[in-house]
Amino acid sequence: MKRIILSIFILILPTLCVIFINEITKITITKSNYKKYHIETINSNLKNVKQCSWVCHNNTNYCKENHVKLLVNHFNKTDSFYFGIIHSLKSTGNYQLANIIFLVFIIPLILYLLLLKSIQMQYKINNHKRIKND
């Protein structure tokens with residue numbers, strides 16, 4: 001029973017954190033007049049050196065020049081991976097849907113299952129240690 005509760009907790013907690021952070025962020029951002037696919041967006045489409053906007057989404061180099069601080073020395077390693085993912089998602093014919101399917105559902109599901117498997121293995125290790133010490 002404890003394992004089921006832990007599994008549900010591990011599944012729900014990250015989702016709640018993302019929702020909480022998104023809702024808190026909405027409060028601090030002034031409303032924009034920018035629309036994408038006929039939907040009003042939270043962020044604007046104006047260049048801003050202090051924070052990312054839709055300009056960064058549409059022009060990665062602008063974002064890299066103005067906002068990225070930690071990975072500057074590693075672009076030669078990360079760019080092929082980053083742009084490879086974007087190219088792969090675009091090659092499906094529907095970038096937005098592929099983005100949601102892979103980056104929102106499939107990859108988190110795989111990570112969730114791997115984490116559960118890791119926890120299960122740790123329970124077995126602990127159980128073997130306990131039996132050995134008894």
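1. Let's start with phenylalanine 83, which counts as partly exposed at 34% relative accessibility. On this scale, buried means under 20% relative accessible area, exposed over 50%, and partly exposed in between, using a 1.4 Å probe and protein chains only. Please keep in mind that this is a predicted model, in which local features need pLDDT of at least 70 and side-chain atom pairs count only at pLDDT 80 or more, while totals for chains, interfaces and linings use all residues. Residues are numbered from 1 along each chain as its sequence is written, and side-chain values use heavy atoms, with hydrogens and water left out.

2. With a relative accessible area of 15%, lysine 64 is buried. Leaving aside neighbours within four places in sequence, lysine 64 is in contact with Phe75, Asp79 and Phe83, where contact means heavy atoms within 4.5 Å.

3. How many salt bridges does the structure hold? There is one, a salt bridge being a side-chain nitrogen of Lys or Arg within 4 Å of a carboxyl oxygen of Asp or Glu. The partners are aspartate 79 and lysine 64, whose closest N and O atoms are 2.6 Å apart. Because aspartate 79 lies in helix H4 (residues 75-90) and lysine 64 in helix H3 (residues 60-66), the pair ties together parts that are 15 residues apart in sequence.

4. Now for the rings. Two aromatic pairs are counted: rings of Phe, Tyr and Trp (its six-membered ring) pair if their centres lie within 6.5 Å, and planes under 30 degrees apart count as stacked, over 60 as edge-to-face and the rest as tilted. Tyrosine 34 and tryptophan 54 make a tilted pair, 6.0 Å centre to centre with 50 degrees between the planes. This pair links distant parts of the chain, 20 residues apart: tyrosine 34 is in the loop between helix H1 (2-28) and strand E1 (35-36), and tryptophan 54 is in helix H2. Both tyrosine 34 and tryptophan 54 are buried.

5. Tyrosine 82 and phenylalanine 83 form an edge-to-face pair, with 5.0 Å between the centres and 80 degrees between the planes. Tyrosine 82 is partly exposed, at 38% relative accessibility.

6. Threonine 41 touches both tyrosine 34 and tryptophan 54, along with Ser32, Lys35 and Lys36, not counting residues up to four places away in sequence. Its place is the loop between strand E2 (39-40) and helix H2 (54-58). Is threonine 41 buried or exposed? It is buried, with a relative accessible area of 11%.

7. What about the cysteines? The count of disulfides, meaning pairs of cysteine sulfur atoms within 2.5 Å, is zero. Cysteine 52 has the sulfur of cysteine 63 as its nearest cysteine sulfur, 3.4 Å away. For cysteine 56, the nearest cysteine sulfur is also that of cysteine 63, at 3.6 Å. Cysteine 52 is partly exposed at 39% relative accessibility, whereas cysteine 56 is buried at 7%.

8. Finally, follow helix H5 (residues 95-133). Its 39 residues reach 55 Å from the first C-alpha to the last, close to the 57 Å expected, which is 1.5 Å times one less than the number of residues. Where is the kink in H5 centred? It is centred on phenylalanine 102 and is about 30 degrees, the bend being the angle between axes fitted to the seven residues ending at a residue and the seven starting there.

Notes
Helix = DSSP H or I, 4+ residues; strand = E, 2+ residues; numbered from the N terminus.
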